[in-house]
Amino acid sequence: MQNREIADILEEMAILLEILGENPFKCRAFHNASRLISSSTEEMKTRAAGGTLTGLKGIGKGLAPVISDLALKGKSDEVDRLRASVPAGLLDMMKVQGLGPKRVRLLYEKLGINSLDKLRKAASGDLLDRVGGFGAKSRANILKNLDLLKLYQGKSLIREAEATAESLLGIVAALPGVAECGVAGSLRRRMPVIGDIDLLAGAPARFHRGIISGFTAIPDAGRVLSSGSTRCSVVLGSGMQCDLRVVTVAEYPFALQYFTGSREHNVKLRARATDFGWSLNEYGFTAVRGKSRAKPRVVRGRKSSPVKPPQCLSESDVYNALGLGYIPPELREDTGEIAAATGQQLPRLVETTDLRGTFHCHTTYSDGRNTLGGMARAAKELGWEYLGIADHSRAAAYAGGLSGKDVARQIGEIHRLNGDQEGFRIFSGTEVDILSDGTLDWNDRTLALFDYVVASVHSWFNMTDAEATKRIIGALKNKHVTMLGHPTGRLLLERDGYPLKMKEVIEAAADYGKMIEINANPRRMDLDWSHCRYARDRGVLIAINPDAHSVAGLGDVRFGIDVARKGWLGPRDVFNTKTLAGVARILAR
């Protein structure tokens, strides 16, 4: 197993132990081990094979055999025993926001509730009245969160979907006859949440049936939903659905464009094709009778109509044939991209290689898992010119928020580290909590000590949109605030963001000269792409920040790049594409 899979299982074990009422220290050991492994850049397989797992801080003699079995064998008897000791439905109930292990165990022991269906029935009636702590408001929240859970079912975050798709593509590419293959659908358009994984393969027709048969036979194809001569649909062991379509090599460019979508984009593209006297579908162009916008050819003094469609060897050729510049997949959401491509007005979108550093990163001073020096070294290895550290303020006690003494100690360490290096700088920052009234957790005297300030909401989510908007705008008025962190507070597939009048917040950021971050953590992806373009047009500078709590987390900036590209942002619109001198100048100002 890979590190992420091991970490997920250890986290599951920690939750199961909590449901069983096990010793809190034992539960915490599994939680900590999960976090350690998920953030490690070293594969556990290597350590397990060498027998050195206990050399990792927090991995004792009890945990090491479990991790070793998962890493080397892909299974563990200890995991199987633990899963068998807890009704499967209780783990499902843990996914309902607001239900922790103690409450789940209480509902099971007192009322025999061991499934989401039973929980819904109990919350819809008066059964929960027999258990303390479940009033009318709690019952309403349970029903609301059950609805959200149903809405999220079968969907995945982009990071998980991407990893699965890459693994499957390797299998498809190795099947006999496959000349080319790729990802299509919402994953290729880099949507934050993915439903089905769409794969496409190009091969001579005689290989099509064999490719489909080979794919449906892979070990991870837990359930085959459908299987034909050119397409199949399977449910993977993880619960994700994957669809594979096979076309000829000549059809591949058209199929890639068509199955990438979006549907609205394709409708506009097909309408444009009719202006040329062509029909466009997933197999290619065909000439149709009727008016053509393209000039007819003159043959022996007579006009020939319609113009014969060109051959297309690539997806770019498809767009070029329609008089358009190539439209990157991220932009294909029918938000004006076809009109822009007609007039060669598409922006040069920002790329990961444009970034020179990042901000909003955490260290062991608060809830990070790497030291300040370790994070800085990792940033330099990425070729960056700077790194911004923004550990939590004191109100975030749950996340190891810093005290005043901690702030002084950290800033002192940053100054010492900066004195030992050239061409790279650590910027001292803070992620300060926005309190319920819009004031900040640190006073102005403390805020003035930092190079920059990220202001974020971490509590009091149950406000109206007017109250939440007023709260955030109040924080943006503070002269020391540099940027707004994860604006809506959403956690994808876990909870919706708090209600917010985002355009008003963007207007305020423009008025007060503040930045807004795209929090690139795949669980957040917040600011949402749909608001980026409005922020750009209002002159609000965007910072792409990973909210990294480990060295491995620095790489999450690439998911923020996805958001920025979908939001039509170019390098000039992003703060951390600027040089070290440019960043220092802006922060000083």
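Mentor: The model is predicted, so local features need pLDDT of at least 70 and side-chain atom pairs count only at pLDDT 80 or more, while totals for chains, interfaces and linings use all residues. Residues are numbered from 1 along each chain as its sequence is written, and side-chain values use heavy atoms, with hydrogens and water left out.

Strand β7 belongs to an open sheet of five strands, which has mixed pairing and the order β2-β4-β7-β6-β5. Strands here are DSSP runs of E with at least two residues, helices are runs of H or I with at least four, and both are numbered from the N terminus; two strands pair if DSSP finds at least two bridges between them. At the edges of the sheet lie β2 (180-184) and β5 (221-227), each of which pairs on one side only. From one strand to the next, the twist averages 20°.

On one side of β7 (residues 241-247) in the sheet order comes β4 (residues 197-202), and these two strands run parallel, joined by six bridges. Along this pairing, I197 stands opposite C242 of β7, and L200 stands opposite R245 of β7.

The pairing of β7 with β6 is antiparallel, and five bridges hold the two strands together. Within it, S233 has D243 of β7 as its bridge partner. The two strands form a hairpin with four residues between them, and there G239 takes a positive phi near 100°.

A helix also takes part in this picture: α12 (residues 208-216) packs on the sheet, touching β4, β5, β6 (231-236) and β7. Contact here means heavy atoms within 4.5 Å. The direction of α12 makes about 165° with that of β7, where axes are lines fitted to C-alpha atoms, for helices over the stretch in contact, and angles run from 0 to 180 degrees between N-to-C directions.

To draw this together, β7 stands between β4 and β6 in the sheet order, and α12 is in touch with it as well.
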